[in-house]
Amino acid sequence: MTDAETVTTEEKSYSQGQLVRRRFFRHRGAIVAMVVLAVVIIVAFTSLGIGPIPGWWDKDPVSQYEKIGTGAPTWEHPFGQDTIGKDYFALVMLGTQKSVIIALGVGLISTVIGTVVGAFAGYYRGWVEAALMRLTDLLIVIPLLVLAAVLGKIASPWGIWGLTLMLGIVTWTGLARLVRGEVLSLRERDFVVAATAVGTGAQRIIFKHVLPNAVGTIIVSATLAISAAILLETSLSFLGFGVQAPDTSLGLLISQYQTAFTTRPWLFWWPGLMILAIALSVNFIGDGLRDAFDPRQNRTKA
Amino acid sequence: MTTLDITSSSDATSTGDAVLSFTDLEVTFGTEFGDVRAVKGVSLEVHPGEVVALVGESGSGKSVTSTTALGLLPSNARVSGTVRVGDKIVGDLDQAGLRKMRGNDIAMVFQEPMTALNPVLTIGDQLTEALQLHGIAYGRQATARAAELLDMVGIPEAERRLKQYPHELSGGQRQRVVIAMAISCDPKVIVADEPTTALDVTVQADILDLLRSLKDKLDTGILLITHNMGVVADMADRVAVMLKGDLVETGTAEQVLTDPQHEYTKRLLGAVPHLGEGTGQADVAVAGGEEQRRPAPALALDNLVIEYHRLGKPAFRAVDDVSFTVGQGEIVGLVGESGSGKSTIGKCALGLIPARSGSVRILGEDFGALSKKQLKDLRRRIGVVFQDPAASINPRFPVGEAIAEPLVVHQVGDAASRQQRVMDLLDAVELPRACYNRYPHELSGGQRQRVSIARALTLEPDLLVADEPTSALDVSVQASVLELFTSLQQQFGFACLFVSHDLAVIDLLAHKVVVLQDGRIVEQGDRDAVLRHPREDYTKRLLAAAPVPDPLEQQQRREDRHRLLAELGDEVVELRIDPTSRDDRPARRKTPGAEGGNPLGGAFHGG
């Protein structure tokens, strides 16, 4: 009741999107996380450049440089050097680039597949639902790591893009179930019944009426899928089933230098820190989005 | 009984005997858009054995006011002023003190009994919980007391009911359980927040009878929150009218309802549809004139049967052998209580539910015999308005898009002509054109329902199905929406199937009335015949139960109703606390049962 009152007494009115944005930007954790993530991504992509575009960092990840002392971090090599003298900053930035691309790609693919599968299962019910949800169950009962490892190995000839596609194909199940639940309740709402009564077709109802109302759930799950993808890629690369050399990624870096943990700890810490920063930021953003979309769920501070 | 002692009860200085009093109460909510003042200085008293009705429209602060009495406001609320329950000041109590006060001194009856009761606990568990928490009775004694409480509120076979879950009871019985819980610790005052809004009229009349006997026999003070003026006339000794957080008028029920002083109260009362005074459409010829009535009727139902399939159980027959027609340009009111199948018929007429047998013909075309393409074309000619405008308009669509949606679906016109059509419709439903880009949540309930009506009229349908279009609205809003509806009907000349539980609304609107009970037609005919000279008992009972907003007339009607119930072999519901009155069980509730009557019955209300 008070919400309605506020909105009508306010002179300026807000659309739903504006309300969400407003609440999101008041979530301090999410804003800090967004800044951290932005800095990480910008630094990673500008320092080495993308493809033909050169970056501002004067060293590259392949050349071997003269080793300064043990290779510990210096001004010349802020992240230190590896055993054979490669610049570790360049290596970590390259790994971050690849990891971020994989994570965003996996998030996008799994969100699209999960949303469509969940929406169709929830809206059509009947045999469509039975078939789609049994497929989902099947994917869920196979250990994710094993499935991803096998598919990742198959896709390894296509580099990180193949890996991205394969990871996307195995990680949509959770979202599909969430979206199906949302759609099941939304399809009984009066505005959907009203749309049906006007003669609106099923596709239009799903994509114009139902899904926009589930967008909160979808966006929140998508962010969480991104952070899960980072961790999954890291695990796979660490185990040797993910990104293959000469490509690199944060997980692969850790795996390659795991023996150096005691002697050259920076080789372990930098990629680890990057993984932590990215995964944590994405999770915080997800939290902020969830609070923004559903303010009643969790009001910690006004 | 509506007799009252005007002088003593309206005398605000005698704070001594008030069981509940608010003095200069102010409540402010801190929200993300700044502070909202919900209650702005309200002073009010409730005395023992007195019913004070707090009326006002949604958002007027009446529920907030009553919630302060139990100290149940959310944490973002700031309260100033004093709230006194008996001799306790609510603001001074700590959590433990508050818990002790709730139940013992003040209890609450909620609007929706299904949500007020915990669905996973038995009735018995929930009733004994309060008794044990407050140390009134334990174990077997508590169970016996619970059974006795159920018996008091007129639930037969109390012992068996204790082991049942809320979903096994009917709506009226659930509300009785809630009342039994409220009186379990013998509170001095009960706050009843819209206690009958979710109930059917006949059940509402029973619950009101029960509440009335509560104050007569237990001397409990009742703060009744309602928006229904009929309920006020039926129950209240004194009335307080709230408007936007302010108390604008107080007085005895008779004063306020028959001779209102404040402009707002007058408007509020003027807006209440009065059963028996409705003009219907009798003076207005069916739009379009006689010659148009001859072609196929807008809607014809023939021996319609609708069944819901249930897993592992025989199908539930929601509508059984129903036949009636809605002529072109005619408004037919479909009345019945919840579960009578009226909304199911509405959905079937929209082609959303298939018929088990029988036929539904819209403008001469049978729903069952159409191809998908033809069905879509037929749907262009049917419009629909639902009960809750908040739920029936897609919250993600701006108003203009929502109204234009049918045009887009049926690919009528281009962007410019659609926009023009929407503007015309906004004018027709008397909404400012600026609404075009607004979102539904920015509009009030009445405005939203206008959008909903505009959307239904976008394709100029021949038939409009309106499913309780005004029951979610405040009375004054309802009046203006109904007025608009009538004028639009004359302007556009659509036929209308108007589903409603409110006889007064039907009286105001319909040409013909169809009365439904348990999926069957009880009575149908012209509005005048059915509502003025009902032939069937059920219709009579329905008419008798609808309260009117005039205390004297309502008292008369109540007595008439009690007489009618006696004629029909029913008993008037009341609180039974005297063991000797145990035989007066309502006859329509079969099998008295519950022989384990408890001698504690008389010993109970010491307070």
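Two residues are taken to be in contact if their C-beta atoms, placed from the backbone, lie within 7 Å. The structure is a predicted model, in which local features need pLDDT of at least 70 and side-chain atom pairs count only at pLDDT 80 or more, while totals for chains, interfaces and linings use all residues. Residues are numbered from 1 along each chain as its sequence is written, and chains are lettered from A and ligands numbered from 1 in the order in which they are written.

In chain B, 69% of the contacts between residues at least 6 apart in sequence join residues at least 24 apart. Chain B contains 24 helices and 20 strands, defined as DSSP runs (H or I, at least four residues, for helices; E, at least two, for strands) numbered from the N terminus. Of its 607 residues, 50% count as buried, a residue being buried if 20 or more other C-beta atoms lie within 10 Å of its own, exposed if 12 or fewer, and partly exposed in between.

An automatic or database assignment divides chain B into domain 1 (19-270) and domain 2 (290-545). The centres of these domains, taken over C-alpha atoms, are separated by 35 Å. Contacts link 11 residues of domain 1 of chain B to nine residues of domain 2 of chain B. On the domain 1 side, α9 (201-218) and α12 (263-271) of chain B each give two or more residues, and α9(B) provides the largest share, four residues.

In chain A, helix α3 (residues 28-48) has 21 residues and reaches 31 Å from its first C-alpha to its last. Gly49(A), which follows α3(A), has a positive phi, near 80°.

Conventions:
The expected span of a helix is 1.5 Å times one less than its number of residues.
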